[in-house]
Amino acid sequence: MELTNIPHLSSSSSFFFSSCRSRRRTGKAVITALAAGSRCSADSACPEPIEQHNVDSLSVASGPANTQCYRRRGFAAVALLPFLLPHVDMASAADSYDGSIIQNGVRNVLTKVKAAGVLRLVFHDAGTFDISDKSGGMNGSIIYEADRPENAGLSKSLKILRKAKEGIDQVQQVSWADLIAVAGAEAVALCGGPEISIRLGRLDSSTADPTGKLPEETLDVVALKTSFGKKGFSTQEMVVLSGAHTIGGKGFGNPNAFDNAYFKVLLEKPRPTSSGMPIGLPTDWALTEDDECLRWIDIYAEDEDKFFADFRDAYTKLV
């Protein structure tokens, strides 16, 4: 983790983990601003996570948090800043970390055709998370992992976001992890899916995550449940996140439309083909072999609004 990745240490700035899993900057900045809950590990008097409060819009929330732990952490961070980050301009550090700048930078380079690849970046960066030791997750390590077989083709999406990052960094620095999380949400919205608010403040890893952490495309449904469970996801969350395959070239309806066509096609047995090519991945069809998964497939095929609402929640947890 590199402290130099911190853009403006403002007054208080999220394919698999709980709301506290991302490594965040000290600061409270969000696209729809949410106070980042964090654990005060050095203070035995504050063993529980700080709850999320103070929802603003594209701004830094004002006023101290109502916990002694938060005040201690905030004071310590401010006191240490001159020693940890001597290059930081403390005047500019008081400015808000503006999430709209990241959004606009992504919109300048993103199209519907590019949306599926950008969304896939999110899953492959976050998908290394392991709940047993809290390793991996949404940390930007994908920039070191693009040459792995399971990440084939993602270098194109990274090139697209690199262009956005260059422009954004001229205004305020953004971590790869924050950029990818926001870009995935923008890809969903651009294709007609739900709008997703993203909490900002992730720090980038300086190394690649371990190999073998992503679910393989050949897993059966039992192995899939096990894999997602190790990342902190329920069967329902596994099914709704799989609905991301509704965009892209996997054959589930309009490749540029984020809708519930994925679930409708899964209910069409036997497995259909498109232009002589099988639709989807083996893991997509494995879901239809499990009664619990089928129940959720039926629900989302029938109710697109329910799919959108549940996908929004699962994506927020994912990043």
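In this predicted model, helix α4 meets helix α6 through two sets of residues. On the α4 side these are Lys 112, Ala 115, Val 118, Leu 119, Leu 121, Val 122 and Asp 125. On the α6 side they are Ile 180, Ala 183, Gly 184, Ala 187, Val 188 and Leu 190. By class, the contact of α4 with α6 holds ten nonpolar residues, one polar residue and two charged residues. Helix α4 spans residues 112–126, and helix α6 spans residues 176–190. The two pack at an angle of about 140°, and their axes lie 8 Å apart. Helix α4 is therefore oblique to α6. Their crossing is left-handed.

Helix α6 also packs against helix α5, which covers residues 154–169. Here the angle is about 115°, with the axes 11 Å apart. That angle is why α5 counts as roughly perpendicular to α6. The crossing of α5 and α6 is right-handed. From α5, the contact involves Leu 158, Leu 161, Arg 162, Lys 165 and Ile 168. From α6, it involves Trp 176, Leu 179, Ile 180 and Ala 183. Seven residues of the α5 and α6 contact are nonpolar, none is polar and two are charged.

Helix α11 contributes Trp 296, Ile 299, Tyr 300 and Glu 302 to the contact. Helix α12 contributes Glu 304, Lys 306, Phe 307 and Asp 310. By class, the contact of α11 with α12 has four nonpolar and four charged residues, with no polar ones.

The model also contains cavity space. The largest cavity has a volume of about 40 Å³. Its lining includes His 124 and Thr 128. Glu 145, Arg 148, Glu 150 and Asn 151 line the cavity too.

Terms used. Residues numbered from 1 in each chain as written. Predicted model: local features only at pLDDT ≥ 70, side-chain atom pairs only at ≥ 80, totals over all residues. Heavy atoms only, no water. 1 Å grid on protein atoms, 1.4 Å probe; cavity = no way out; pocket = protein on both sides within 12 Å on 5 of 7 lines; lining within 4 Å. Points joined across faces, edges and corners; volume = space filled by probe spheres on them. Axes fitted to C-alpha atoms, helices over the stretch in contact; angles between N-to-C directions. Helix = DSSP H or I, 4+ residues; strand = E, 2+ residues; numbered from the N terminus. Parallel < 35°, antiparallel > 145°, perpendicular 65-115°, else oblique. Left-handed = near helix turned anticlockwise from the far one by under 90°. Contact = heavy atoms within 4.5 Å. Nonpolar A, V, L, I, M, F, W, Y, C, P; charged D, E, K, R; others polar.
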